[in-house]
Every structure is written in structure tokens, then in C-alpha cells.
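I opened my notebook to record what I looked up in this structure. The entries follow in the order I made them.

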Amino acid sequence: MDVRIKTNVSFTITGSALEDAMAEYDELSMVGLLKEIIDKAVAVDDIEVVVTEGPNTLEEYDTATNG
């Protein structure tokens with residue numbers, strides 16, 4: 001039987017750690033990065049990820065930090 005789990009996760013990460021993680025997983029967005037991490041951890045193919053606050057890409061991060 002399949003089980004649906006819905007969660008809301010919030011965390012703070014340094015800019016350098018964000019860049020390193022995206023590079024390690026070869027992802028261009030937080031949505032893609034989180035999907036990869038969850039898939040590797042629990043082998044789930046159908047993952048929905050939504051960024052509701054904060055930058056989703058390194059370009060958005062750069063814009064937010066450099067004003």
C-alpha cells in the first residue's frame with residue numbers, strides 16, 4: 001500500500017554550502033536539489049517539492065545578497 005507523506009521543512013544554509021550542495025548534486029535549483037536528496041535517501045520517484053520562501057536558484061541567491 002502506498003502512503004502519502006506531506007511535510008513543511010524550513011532551514012538556514014550558508015551561501016557557500018548551498019553552492020557546494022548544488023555542485024555536488026549537479027542541480028540548478030533548490031527544487032531539484034531537494035528532489036535528488038529525498039530520492040537518494042528513500043528511493044521515491046514521484047516527489048513534489050515547492051520552494052515557498054527564499055531563493056530557488058543561485059542567481060536568485062546572488063540577487064538577494066547583492067541587492
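**Entry 1**

I started with the neighbours of Met22. Leaving out residues up to four places away in sequence, Met22 touches Glu27, Leu28, Ser29, Met30, Leu33, Asn56, Thr57 and Leu58. I took a contact to mean heavy atoms within 4.5 Å. The model is predicted, so local features need pLDDT of at least 70 and side-chain atom pairs count only at pLDDT 80 or more, while totals for chains, interfaces and linings use all residues. Residues are numbered from 1 along each chain as its sequence is written, and side-chain values use heavy atoms, with hydrogens and water left out.

Next I asked which residues make up the largest nonpolar core. The five are Leu18, Ala21, Met22, Met30 and Leu33. Such a core is a set of buried Ala, Val, Leu, Ile, Met, Phe, Trp, Tyr and Cys residues joined through side-chain atoms within 4.5 Å. Helix 1 and helix 2 each supply at least two residues of this core. Helix 1 gives the most, with three residues.

**Entry 1: The chain**

I then looked at the whole chain. The protein chain has three helices and zero strands. Its pattern along the sequence reads α-α-α. Helices (H or I, at least four residues) and strands (E, at least two) are DSSP runs, numbered from the N terminus. The C-alpha trace spans about 50 × 25 × 15 Å along its principal axes.

I checked burial too. Of the 67 residues, 19% count as buried. Buried means under 20% relative accessible area, exposed means over 50%, and partly exposed lies in between (1.4 Å probe, protein chains only). Among contacts with a separation of 6 or more, 40% come from residues 24 or more positions apart.

**Entry 2: Helix 2**

Within helix 2, Met30, Val31, Gly32 and Leu33 are buried. The buried residues of helix 2 pack against helix 1.

**Entry 3: Positive phi**

I noted a general point before going on. Most residues other than glycine have a negative phi. Asp26 has a positive phi, near 55°. Asp26 is found in the loop between helix 1 and helix 2. Asp26 counts as exposed because its relative accessibility is 67%.

Ala43 also has a positive phi, about 50°, although it is not a glycine. With a relative accessible area of 63%, Ala43 is exposed.

**Entry 4: The largest pocket**

I looked up the largest pocket. It holds about 1300 Å³ of space. Of the 30 residues that line it, the closest to its centre are Thr7, Val9, Leu34, Val49 and Val50. On a 1 Å grid over the protein atoms alone, a pocket is an open set of points where a 1.4 Å probe fits, with protein on both sides within 12 Å along at least five of seven lines; lining residues have an atom within 4 Å of a point. Grid points are joined across faces, edges and corners, and the volume is the space filled by probe spheres set on the points.

Helix 1 (15–25) and helix 2 (30–42) each supply at least two lining residues. The largest share, four residues, comes from helix 2.

**Entry 5: Thr63**

Last, I checked Thr63, which lies in helix 3. Is Thr63 buried or exposed? Thr63 counts as exposed, at 56% relative accessibility. Thr63 and Leu33 are 30 residues apart in sequence and 19 Å apart in space, C-alpha to C-alpha.
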